[in-house]
Amino acid sequence: MARRGGIVRPTAAALRGAAAALTRGEPVAFPTETVYGLGANALDAAAVARVFALKGRPGDNPLIVHVSDRGMLRRLVRVWPPAARLLADAFWPGPLTLVLPKRRGVPDAVTGGLGTVAVRMPAHPVALALIRQSGIPLAAPSANRSGRPSPTTAAHVAQDFPGLLVLDGGPTEHGLESTVVVLGERPRLLRPGAIPLEALRRLVPSLTAARRPREGEIAESPGMKYRHYAPDRPLWLFRASRLPEMEEAARENPAALVLCPAGAASRFPAARVVPLGRTAEEVGRNLFAALRTRRRGSPLLVLGIPRRGVGRTVMDRLERAATRIV
Ligand code: TXA
Ligand code: MG
């Protein structure tokens with residue numbers, strides 16, 4: 001009998017099996033260029049409900065719907081404004097998510113009851129093949145249990161969901177989730193992501209960054225109000241300018257694990273350092289795997305990077321993971 005779960009290579013047979021599972025309303029994890037997604041038929045409310053239950057995700061935090069071609073969008077979005085076309089022409093397939101008015105057929109389960117739906121076309125051959133093979137748009141959050149770091153390898157998915165069917169596409173290219181933008185009268189960045197704000201502003205100069213909501217405020221992007229990416233121990237984030245304070249904290253906490261850009265690694269005892277990379281892109285690619293590094297009880301000391309380009313996204317994720325910011 002064919003295997004129904006576990007990590008599998010994305011052969012033609014495996015893709016057919018995964019597509020059949022999706023058609024039956026079962027969840028399937030798949031690689032994208034950002035992070036692994038936990039996919040379900042976006043037009044099947046019961047299948048989507050399973051994904052929320054599996055993740056332990058709050059029902060008011062809507063999902064991104066993944067498409068393989070623009071024709072599929074017709075079943076999902078009501079309007080396709082010129083700015084959407086401009087951005088999609090430039091960045092699709094790729095790590096850009098557009099929030100647009102939804103069609104009635106999109107279940108409330110997907111959108112958290114909002115009148116809008118988030119859509120993107122991923123730039124990963126396995127993701128695109130799976131969507132094409134099944135012929136259905138896939139609602140897919142990152143394939144981690146709610147609150148945990150997003151998975152950048154199939155093994156991370158299996159850590160959070162043992163036995164789940166995972167198509168293995170190797171480590172993901174960006175390691176950070178897609179950039180989420182809402183279009184309309186005032187285009188806004190709802191979540192910084194793998195495409196930097198600066199690149200989007202070259203095409204849509206009026207694009208502004210949405211402020212993160214305060215406690216009790218209604219969030220424009222519901223996902224932004226939850227603590228996220230949390231490792232299983234305290235995480236102290238030091239801003240790029242606070243290297244001396246971080247060195248002191250490392251001396252005072254000899255069991256602490258240090259995560260820092262490659263350039264600062266020599267400041268800390270080598271046995272305790274996980275170097276994150278030289279560029280913001282490299283740091284972004286390695287960040288979530290590093291947050292999953294196991295070392296019981298000890299705090300994680302993390303050195304931030306400048307908030308430019310993908311550095312803005314890295315700092316957003318770290319701030320949401322941090323238990324203390326210095
Ligand atoms: O790169 C990615 O975007 C990955 C891969 C799998 O595609 N997916 C991902 O999904 O990060 P998730 O569920 O972890 O994050 C979805 C984000 C959340 O911040 C959510 O609040 C926001 O998108 N979102 C979804 N629908 C929305 C809507 N209608 N309005 C505003 N924000 C929305
Ligand atoms: Mg997520």
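**Helix packing and a buried helix in a predicted model**

The crossing of helices α1 and α5 is right-handed, the near helix being turned clockwise from the far one by less than a right angle. This is a predicted model, in which local features need pLDDT of at least 70 and side-chain atom pairs count only at pLDDT 80 or more, while totals for chains, interfaces and linings use all residues. Residues are numbered from 1 along each chain as its sequence is written, and side-chain values use heavy atoms, without hydrogens and water.

The contact (heavy atoms within 4.5 Å) is made by L15, R16, A18, A19 and L22 of α1 together with V126, A129, L130, Q133 and S134 of α5, and its residues divide into 7 nonpolar, 2 polar and 1 charged.

Helix α10 (residues 310–321) has 12 residues and reaches 17 Å from its first C-alpha to its last, close to the 16 Å expected at 1.5 Å a residue. Because 11 of these 12 residues are buried, α10 is largely enclosed by the rest of the structure, where buried means under 20% relative accessible area and exposed over 50% (1.4 Å probe, protein chains only). Among the elements that cover the buried residues of α10 are β10 (188–191), β12 (235–238), α9 (280–291), β15 (300–303) and β16 (324–325).

In the loop between β12 and α8 (243–252) lies S241, which at 61% relative accessibility counts as exposed. S241 and V326 are 85 residues apart in sequence and 9.7 Å apart in space, C-alpha to C-alpha.

Conventions. Chains lettered and ligands numbered in written order. Helix = DSSP H or I, 4+ residues; strand = E, 2+ residues; numbered from the N terminus. Expected span 1.5 Å × (residues − 1). Nonpolar A, V, L, I, M, F, W, Y, C, P; charged D, E, K, R; others polar.
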